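Visitor: Could you show me how to read a cavity and a metal site in a protein model?
Guide: Gladly, let's look together.

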Amino acid sequence: MNTARSRNSSVSEASPETAELRVRLAEAEETLRAIRSGEVDAVMVAGKQGNQVFTLEGAEHAYRMLIEFMNEGALEMTPDKTILYANKCFARMVKHPLEQVIGSSFRRFLSTEDQTMFRRFLKQADGSGAKIQVIIIAGDGSRMPAQISIRPLPRNGFKHAPFGVVVTDMTDARRNEELLRALTRRVVQAQEEERGRVAFELHDNITQLLCAVVFRSQALADNLPGRNGSSKREAIKLRDMLGKTADEVERISTNLGPSLLGNIGLGAVLRAARTEFANRTGLLVRLTCAGLTARMPAEIELALYRIFQESLRNVEKHARARHVTVLFKQQDSFVQMVINDDGVGFDPDSHPARRKRIGGLGLLSMRERATYVGGSLKIDSNRRAGTHIELRIPLT
Ligand SMILES: Nc1ncnc2c1ncn2[C@@H]1O[C@H](COP(=O)(O)OP(=O)(O)O)[C@@H](O)[C@H]1O
Ligand SMILES: [Mg+2]
């Protein structure tokens, strides 16, 4: 406990000498300064009955210091958003002198859209508090992305409880988010370019070569004498295997490249992919396309196709599902795709670094592709209840 020592003055002990008075005045002034600045939280007074300790009112001083010097904006405001108290950091954030900030309305630091959102948010803020992201507009017109954390405070004599508000500068966090998004976008773009290149090479070189070899092996089988000799049987087997290899290479090339989309359209591509998937994996896939008639912008069709492909690939790799349903709905203003499986599910909110196995780029690129075309992707999944993926893209 920090204490300040003060002498109890009694008239009988008082010295008339000015020097003594000066010293005591200086002492008293120092004591007052220390009390005012919060260096002491109790005063010890020496008197006839010995030393007495008086704790000072305002033991919350330590908290006030913490708030004053913390690196976040902190303020207290009334329900009608009048600022009752703000710390220096908040004044620095809004680039206004503190004395102009206190007593003014918090609204003046928000854009018009944020003001409306903030009003609604304030109504909903209950005892447990809430957080929103806004743009703080400073005195010089500069804009700062911020997170606002708000909580009603005890009434303390107020008719309506005031709010405690903490304002966190999110500039760096936003910049990092943007960098990460730009990087993911670049990865998805590079993946798409690379897929296109490999698909082209496979289709134009390997498949052509394989077809020529199939043709030759057919000729070999035809030219071998006898109807059922062992060499002839081997040649026919060779031809069949080569034929299957050529088909498989063509399938991989088709899945990699987006060219089919341009040729036969999304509905036909999805149906073909569903059939191929069901035949290969033995899983039942129910595909319903409602209103999928008009062509959509190429990048939206590509996003839908790639997200569909990745979802089915994940079902195949991870879900151990028995049924998959895919629902497409296209209307004038939006297109929606919902993919459900009844497999083992997973926790989509768990941080990739905490998972036993760090997954690939699948979910990340699905999200990026959805965001890139202005859409939203929702993934609901939990253990044993399967996975529900919902993609919605506006078409206007
Ligand atoms: N339909 C699903 N069913 C169960 N688990 C899934 C499903 N989709 C994704 N997951 C889980 O999410 C993880 C990340 O998926 P993803 O990003 O596509 O990477 P990858 O498929 O390469 O592992 C997977 O490793 C898997 O654990
Ligand atoms: Mg995957």
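Visitor: Which residues line the largest cavity?
Guide: On a 1 Å grid over the protein atoms alone, a cavity is a set of points where a 1.4 Å probe fits but cannot get out, and lining residues have an atom within 4 Å of a point. Here the lining consists of Gln191, Arg195, Arg306, Gln309, Glu310, Arg313, Ser365, Met366 and Arg369. This is a predicted model, where local features need pLDDT of at least 70, side-chain atom pairs count only at pLDDT 80 or more, and totals for chains, interfaces and linings use all residues. Residues are numbered from 1 along each chain as its sequence is written, chains are lettered from A and ligands numbered from 1 in the order in which they are written, and side-chain values use heavy atoms, with hydrogens and water left out.

Visitor: Which helix gives the most to that lining?
Guide: Helices are DSSP runs (H or I, at least four residues), numbered from the N terminus. Helix α10 gives the most, with 4 residues.

Visitor: What coordinates the magnesium ion (ligand 2)?
Guide: Donors are N, O and S atoms within 2.8 Å of the metal (3.2 Å for Na, K and Ca); water is not among the atoms, so sites may look incomplete. For this ion, Glu310 (OE) and Asn314 (OD1) coordinate at 2.1 to 2.3 Å. Both residues lie in helix α10, 4 residues apart, about one turn of the helix.

Visitor: Is glutamate 310 buried or exposed?
Guide: Buried means under 20% relative accessible area, exposed over 50%, partly exposed in between (1.4 Å probe, protein chains only). Glutamate 310 counts as buried because its relative accessibility is 14%. Asparagine 314 is buried too, at 17%.

Key: On a 1 Å grid over the protein atoms alone, a cavity is a set of points where a 1.4 Å probe fits but cannot get out, and a pocket is an open set with protein on both sides within 12 Å along at least five of seven lines; lining residues have an atom within 4 Å of a point. Helices (H or I, at least four residues) and strands (E, at least two) are DSSP runs, numbered from the N terminus.
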